[in-house]
Amino acid sequence: MEITKSSENKIDKLVSCLPQENICGRPFVQYNGTWFPLLAIPGVISSQELFQADESEIIIAGLPKCGTTWLKALIFSIVNRNRYQPTESPLLSIHPQILVPSIEMDHFRDGLPQTIYQLSRPTISSTHVPYAFLPNSIITSNSRVVYVCRNPPDALVSYWHFRNSIMKHNNTSVQVEPIEEFFDQYCRGVQPYGPLWENILGYWNASVEKPESVLFMTYEDLKEDSMFQLKRLASFLGFPFSSEEEAQGLIQEISTLCSIGNLKNLEANQKVVHYSVVPGTSYFRKGEVGDYVNHLTPSMIETLNKLVEEKFAGSGLVFKSKLITTNSASE
Ligand code: PAP
């Protein structure tokens with residue numbers, strides 16, 4: 001549904017009937033079971049029918065703060081490696097969030113289809129929406145979807161910091177709620193594009209049913225063995241590394257180019273992105289596994305442990321590292 005004046009009114013009407021909550025200082029509405037930023041709703045609805053994916057299209061999906069920026073850099077580098085050597089990569093001068101646009105926020109900003117020129121061939125787009133909300137063309141074509149999942153407490157802490165950095169940057173009078181409040185919402189499933197268990201399980205089940213179309217990755221696996229995960233990713237995308245490339249150290253070069261240490265310090269990534277409200281650097285914070293121990297109490301961690309166990313029971317999906325409740329947890 002393209003947004004016209006009358007559909008705009010319909011969306012306004014629809015939104016006014018939906019449950020609404022502020023999450024970290026930003027209004028969200030619950031639409032068909034999922035909590036979307038109010039701002040994203042027109043794009044989510046519009047893109048479902050209008051986003052045209054063909055079978056070469058690559059989609060990066062994941063809940064916010066689970067590793068999308070990293071995946072954008074890695075996938076761009078993998079599929080375009082014959083056009084751009086790591087030393088002349090566009091990543092050196094363009095923020096990964098600009099290089100790879102979001103379906104709901106960029107392609108369909110305010111619900112209106114935008115003309116976006118992409119440097120990548122094939123084109124790559126990202127989304128936070130649950131599998132059931134993906135544009136129809138992604139499901140019917142054989143587009144490849146790469147889903148990135150992250151330990152819930154690390155994603156929670158990361159999101160909270162992200163919102164704080166935006167508020168600080170914009171000197172807004174609206175405050176991000178204390179992390180305890182966000183934690184309570186999180187456990188109720190009131191979280192961006194969540195409940196997390198529904199978002200994650202939707203893609204997990206799709207990856208089990210259609211492994212040729214949906215690849216399920218984790219932030220923690222990428223941190224632990226990036227060489228292996230990069231090879232896995234490249235093969236899934238149809239751009240496998242040759243033994244010569246491997247011997248020449250190309251996989252390592254891509255990994256280094258896309259590392260947080262490198263991207264964080266590039267001049268291009270210091271600028272403000274996303275319609276001048278988000279400082280580019282706020283996409284690169286610590287990039288660690290287990291930082292949650294520095295922000296959540298042992299009892300909060302225990303609560304999340306139980307929730308995760310309960311929600312993912314019987315799915316076959318196991319979070320590798322059981323959430324650890326002491327400050328000795330790092331990797
Ligand atoms: P998004 O949902 O807004 O796209 P996303 O990129 O998914 O954000 O997540 C940001 C997190 O990934 C940050 O985690 P942190 O707050 O725990 O530090 C960010 O630091 C981390 N990150 C960004 N780029 C990289 C990278 N190249 N390698 C590892 N982690 C990264």
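Which residues form one aromatic cluster? The cluster consists of Tyr131, Tyr147, Tyr203, Trp204 and Phe216. The model is a predicted one, in which local features need pLDDT of at least 70 and side-chain atom pairs count only at pLDDT 80 or more, while totals for chains, interfaces and linings use all residues. Residues are numbered from 1 along each chain as its sequence is written, and side-chain values use heavy atoms, with hydrogens and water left out.

**Aromatic pairs**

A pair of aromatic rings is described by the distance of the centres and the angle of the planes. Rings of Phe, Tyr and Trp (for Trp, its six-membered ring) pair if their centres lie within 6.5 Å, and planes under 30 degrees apart count as stacked, over 60 as edge-to-face and the rest as tilted. The whole structure holds 15 aromatic pairs by this search, and two of them are set out here.

| Pair | Centre to centre | Angle between planes | Class |
|---|---|---|---|
| Tyr147 and Tyr203 | 4.3 Å | 15° | stacked |
| Phe162 and Tyr283 | 5.2 Å | 55° | tilted |

The charged end of Arg150 sits over the ring of Tyr219, 4.0 Å from its centre. For such a placement, NZ of Lys or CZ of Arg must be within 6 Å of the ring centre and within 35 degrees of the ring normal.

**Nonpolar cores**

A nonpolar core is a set of buried Ala, Val, Leu, Ile, Met, Phe, Trp, Tyr and Cys residues joined through side-chain atoms within 4.5 Å. The largest one has 65 residues, and those with the most contacts inside it are Leu156, Ile200, Leu296 and Phe312. Helix H9 (residues 196-209) supplies the largest share of this core, seven residues. A second, separate core of 40 residues includes Ala73, Val148, Ile251 and Leu266.

**The three-stranded sheet**

An open sheet of three strands has the order E1-E2-E3 with antiparallel pairing, two strands being paired if DSSP finds at least two bridges between them. Strands E1 (20-23) and E3 (34-37) stand at the edges with a single partner strand each, so one side of each is left without a neighbour in the sheet. Four bridges join E1 to strand E2 (residues 26-31), and Gln20 has Val29 in E2 as its bridge partner. E2 and E3 also pair over four bridges, with Phe28 opposite Pro37 in E3. These two strands form a hairpin with two residues between them, and Asn32 in the turn has a positive phi of about 45°.

In a regular strand the side chains alternate between the two faces of the sheet. From E3, Thr34 and Phe36 point one way and Trp35 and Pro37 the other way, and all are buried.

Terms used: Buried < 20%, exposed > 50% of the residue type's maximum accessible area, 1.4 Å probe, protein only.
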